[in-house]
Amino acid sequence: MMRSLLCPHAFLSPLEIDAAVTRALAEDLGRAGDVTAIATIPEDTSARASVVARAPGVIAGLPLVAATFAKLAPEIDIATNMRDGSSVAVKTELMTVTGPARAMLSAERTALNLLGHLSGVATATHEFVRRVTGTRARICCTRKTTAGLRALEKYAVRCGGGFNHRFGLDDAMLIKDNHIAVAGGIRAVLERAKAAAGHLVKIEIEVDTLEQLREVLDVGLADAVLLDNMDAATMRKAVEMVGDRCPLEASGGITLHTIAEIAKTGVDYISSGWITHSAPQLDVALDIEM
């Protein structure tokens, strides 16, 4: 069931799903459980409910919804024709659940929190991707993620048609302005990075002026260059300077209003922290049908 709900072009580890759901339910149920449901709903009461999108968007998080209900009631019946990555209209029924009413009500908020947040990330990413159609630019996320939810949010970015930047500090080198300052300059920091990097470790360096970019190109050890907070005119000059020598990534203050102009400069990647840390939740609901 879990695998069929996943986005067809994005993987999310079942271990991540279980860990996130367990952590979120423990936070909500506390030590005494759902005292409201226990007090008001007879133990043997069954119910049927629909998970519904109350706004249009791109869905992400259905495997977590299913896992949340199943964690509290393994016997619960879950049926769906949707899967993550689907674009849906308002009032679309995403999933039906049938089983113990107590468990359903106790799992409701955790399930909807995860689904609404991740679908919001996927929807925001999809809109960024739509606005760069016809250019070479790929939309990427960053490490500006919610603590403990990085794998889920990066999965949601892929559900929305985006691509992932590095997952953490350990899977690629990204040399930023503070690294350059402490290491003693661009040549020094690149030479040290290259000497330490394994053959599968990429090195990207951040620059905020064309003069810095020229120095990076002269040294010649970077696999990619991040153009930090440059305006579109400067980015176009950077693209002309670099040619095909290495990929260019634009970052810093990327918004829906600026994304199309930035993409037209010819950069290869555009990274946005907004799509994970500030994307509005997609409005979703659980409608009980007794």
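Colleague: Which residues does Ala-224 touch, not counting residues up to four places away in sequence?

Modeller: Ala-224 touches Ile-203, Glu-204, Ile-205, Cys-246 and Pro-247, where a contact means heavy atoms within 4.5 Å. The model is predicted, so local features need pLDDT of at least 70 and side-chain atom pairs count only at pLDDT 80 or more, while totals for chains, interfaces and linings use all residues. Residues are numbered from 1 along each chain as its sequence is written, and side-chain values use heavy atoms, with hydrogens and water left out.

Colleague: What separation do the C-alpha atoms of Ala-224 and Ile-203 have?

Modeller: These C-alpha atoms are separated by 6.6 Å, although the two residues are 21 residues apart along the chain.

Colleague: Why does Ala-224 count as buried?

Modeller: A residue is buried under 20% relative accessible area, exposed over 50%, and partly exposed in between (1.4 Å probe, protein chains only). Ala-224 has 15% relative accessibility, and therefore it counts as buried. In the protein, buried residues make up 50% of the 290 residues.

Colleague: In which strand is the place of Ala-224?

Modeller: Ala-224 lies in strand S9. Helices (H or I, at least four residues) and strands (E, at least two) are DSSP runs, numbered from the N terminus. The protein comes to twelve helices and twelve strands.

Colleague: In what order do the six strands of the open sheet stand, and is the pairing parallel or antiparallel?

Modeller: The order is S6-S11-S10-S9-S8-S7, with parallel pairing. Strand S6 (138-140) and strand S7 (173-175) each have a single partner strand, so one side of each is left without a neighbour in the sheet. On average, neighbouring strands are turned by 25° against each other, direction ignored.

Colleague: How do you know that S6 pairs with strand S11?

Modeller: Two strands pair if DSSP finds at least two bridges between them. Three bridges join S6 to S11 (residues 269-271), and therefore the two strands meet the definition of a pair.

Colleague: What makes H4 mostly covered?

Modeller: Eight of its eleven residues are buried. Among them are Leu-62, Leu-64, Val-65 and Phe-69.

Colleague: How many residues has helix H2, and what span is expected of H2?

Modeller: H2 (residues 14-29) has 16 residues. The expected span of a helix is 1.5 Å times one less than its number of residues. For H2 this expected value is 22 Å, and the helix reaches 22 Å from its first C-alpha to its last.

Colleague: Which residues of H2 are buried?

Modeller: Ile-17, Ala-20, Val-21, Ala-24 and Leu-25 are buried. Seen down the axis of H2, they fall within an arc of 120°, so they line one face of the helix; the arc is that of the directions from the helix axis to the C-beta atoms. An α-helix has 3.6 residues a turn, so residues three or four places apart point the same way. On the other side of H2, Leu-15 and Glu-27 are exposed. The cover over the buried residues of H2 includes H4, helix H5 (101-131) and helix H6 (150-159).

Terms used
Axes are lines fitted to C-alpha atoms, for helices over the stretch in contact, and angles run from 0 to 180 degrees between N-to-C directions.
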